[in-house]
Amino acid sequence: MQAAALEKIFVKGNEAVAMAALEAGCRCYFGYPITPQSDIPEYLSRELPRRGGEFIQAESEIGAINMLLGASATGVRAMTSSSGPGISLKQEGISYMAGSELPGVIVDIMRAGPGLGGIDASQADYWQATRGGGHGGYRIIVLAPASVQEMYDLTMMAFDLSDIYRIPAMVLADSVIGQMKESVIPNPRPVTVLPPKEWVVRGREAGEAQNVVKSLYLGDGEMEKFHWKMAARYEELAEKECRWEEVQTADAELIVTAFGSVARIAKTAIAMAREAGMKVGLMRPITLFPFPKKAYAALSERCKLFLDIELSTGQMIDDVRLAIARDAEVAFYGRPPGAGSLPTPEELFEQIRKNYPTHA
Amino acid sequence: MRYDVFFAGYGGQGVLLAGNLLSYAAIHEGKNVSFFPAYGVEKRGGAAMCTIVFADGDTGSPVVGNPSVSVLLNQLSFDKYAAKVKQGGICIVNSSLVDTSAVALPGVEIIMVPMNQIALDMGDVRMVNMVACGAYIEKSGALLKESLEAALKKALPERNHKLIPANVQAMEAGALAARG
Amino acid sequence: MKQIFTRPESLKDVATHFCPGCHHGSVHRLVAEILDDLGIRSQTIGVASVGCSVFLYGYFDVDVIEAPHGRAPAVATGAKRARPDRIIFTYQGDGDLAAIGMSEIIHAANRGEDITVIFVNNTTYGMTGGQMAPTTLPGQKTSTSPYGRDTAKDGSPFKMAELLATLDGVAFSARVALNNPKNVLNARKQIKTAFRYQVEKKGFSFVEALASCPTNWGMSALDANQRVTDEMIPCFPLAVYKNSANL
């Protein structure tokens, strides 16, 4: 026990993201200060230069995402991070990166919105993240950590998935997970077979093929072909890369579904419900895109009642509804983001009790 | 076992350091810990609070609606959070700054500890958070005093390690006062 | 027979989409000649912008990143920081650099990024059809200033070469023109100096090239060349505004 305890480090979720980025070989970070994610640039402004990396506090979120585009085009691993108002500004660059098939990691520590909103935890950027966010029709990989350990592990995974599929990857968390501290095992970078980056701009000797990183397609059928190619890649992602966590779903009469911080709070509510004799389980998607549709479909073959809980008026519920069997139902409990709206386990337990099927 | 404790006061009372200290102590005992802070936008004088959950297994929710133990260091925190303490739980109050007479808490054990006075008597009012930690481990029995001593080394920067003996004494004084 | 004129190696053997009389082709050629002269083609990465300059990768025989509108200096910053051993240049028009991309150019310049910026100023948005640009001359009629640019409402033209020269981060800033052989020779010289700054890692270098746009100006190529002399140069004087290392 003691030996294991010594290996762990006790850090904030935001710091875990920064540490994982370093371990994953991130060479460049570009960002702009915004609460509640400033621990990430603060950490990396200290640590990246020491390791021969580059840190730039950009002139704007637009500047930062385009620096990420430029760095990524040369083949290095690079990252930016922000929160809602800044992520909105980054959408232009994210669209260009998606159109240019560029990898890159974007961290969104969600805060309340719309507009300036507030600094409290939110899950109301689910749609923006999972639908692509910018113009033109594209998806990005979206990973939703629910613990500080997952902030670490999923950040590393975001770099790998982004490189493998040449799709920007987002780590989507909120100020609860970003600001809380937990023990983390600083896992070494996983050994992943990555495809060679033959597409990078690098300067070229005579006779070598010209590499162009671009999103402009003007030839007849070129753009359409690009879209179908990406659609197939999204399908491949859905086949191979869906990740989720199930807790006590085997005998559940009611399955609570939530992601990120809310799933953490729900876990304790479910434990309370089990103690009270109710058969309740948890389905927590870890990849929000690709959304684990097949896992939901399988669960809904047996359990016909879901309770979707979000820090919004309901966004992920769209995906849950699309994924489950037609005769299964989804109840909803939401706390739109803002000061004082973070639900407690006791509150979610009450919702479980209220929605629990009476026949059971 | 799963333990939870809620600390609240105003910024500058060392609430977050106390939370960190208890977290390191729990880690020292091989537990899983979540430390969830919340504070006002001001650096000093605003509200400061944190919730610490520690367990042998999964810590579950970092947010706790009805804490089993609350340690409330000023009047504002007491007025706002005392009523949330779970039935059968413990409310440890800094009686130097808090008047509890207006509030009845049936089913909750209220422990009055004159934390500012004790800290002042030991020579430094800034040790009020250490007095509070001592009172907490005494009443909850959740952590060993030795673990807190070990945690001090982790939570305090190296240059402040010379202050550790005084902090340990403050914890012991807090424990003694809580024993009643 | 002795060959006295040839295509630079850094340019592809293709026809461009540029209109007759347009100076983009001249600027392309000069930049390509300099890449050849300095022997840096194999190290060079171009950053294309949005507008008539977007097809950079179709004409230059170097690797190219296409940047969002106005963002080329930020993209170049990321590329240069990731690959400091490469020669990175952006090629931007006036709408791209001085309107939507003003923030990116000012900050990249102020950071003193070791990149070279080629700025083609033709006082109009060429590709979208001749709308008013931040460098449109006072009184100039365009498709969105049909009564002429009104400085009381639209402001006055930005003088980018002068403006950037005031920043500590800028090592070299010059304005050139391409409307006669003398100006072309001078343009070649200044573009070469700008790239030498980067080769020698001496900081941010900037060349503003006054260019004609006969199509959108509604002029013949020769009249357009004359307009550069008569109207543009008086507003945008040709000069080296900063040459901090005297290269």
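Two residues are taken to be in contact if their C-beta atoms, placed from the backbone, lie within 7 Å. The model is predicted, so that local features need pLDDT of at least 70 and side-chain atom pairs count only at pLDDT 80 or more, while totals for chains, interfaces and linings use all residues. Residues are numbered from 1 along each chain as its sequence is written, and chains are lettered from A in the order in which they are written.

Two pairs of chains are in contact, and chains A and C share the most contacts. Chains B and C do not touch, their nearest C-alpha atoms being 30 Å apart.

The contact between chains A and C takes 34 residues from chain A and 27 from chain C. On the chain C side, at least two residues each come from β1 (44-48), β2 (63-66), α3 (72-82) and α5 (102-111) (helices, H or I of at least four residues, and strands, E of at least two, are DSSP runs numbered from the N terminus). The largest share, eight residues, is supplied by α3(C). Strand β9 (residues 212-213) of chain A runs parallel to β2(C), joined to it by two bridges; strands pair if DSSP finds at least two bridges between them. A:V212 has C:V64 as its bridge partner in β2(C).

Within chain A, the buried residues (20 or more other C-beta atoms within 10 Å of their own) of helix α12 (residues 316-323) are A:M316, A:I317, A:D319, A:V320 and A:A323. These residues lie on the same side of α12(A), because they cover an arc of only 160 degrees around the axis, taken from the directions from the helix axis to the C-beta atoms. They pack against α6 (126-130), β11 (254-257), α11 (293-302), β14 (305-310) and β15 (329-334) of chain A.

Terms used
A residue is buried if 20 or more other C-beta atoms lie within 10 Å of its own, exposed if 12 or fewer, and partly exposed in between; C-beta atoms are placed from the backbone.
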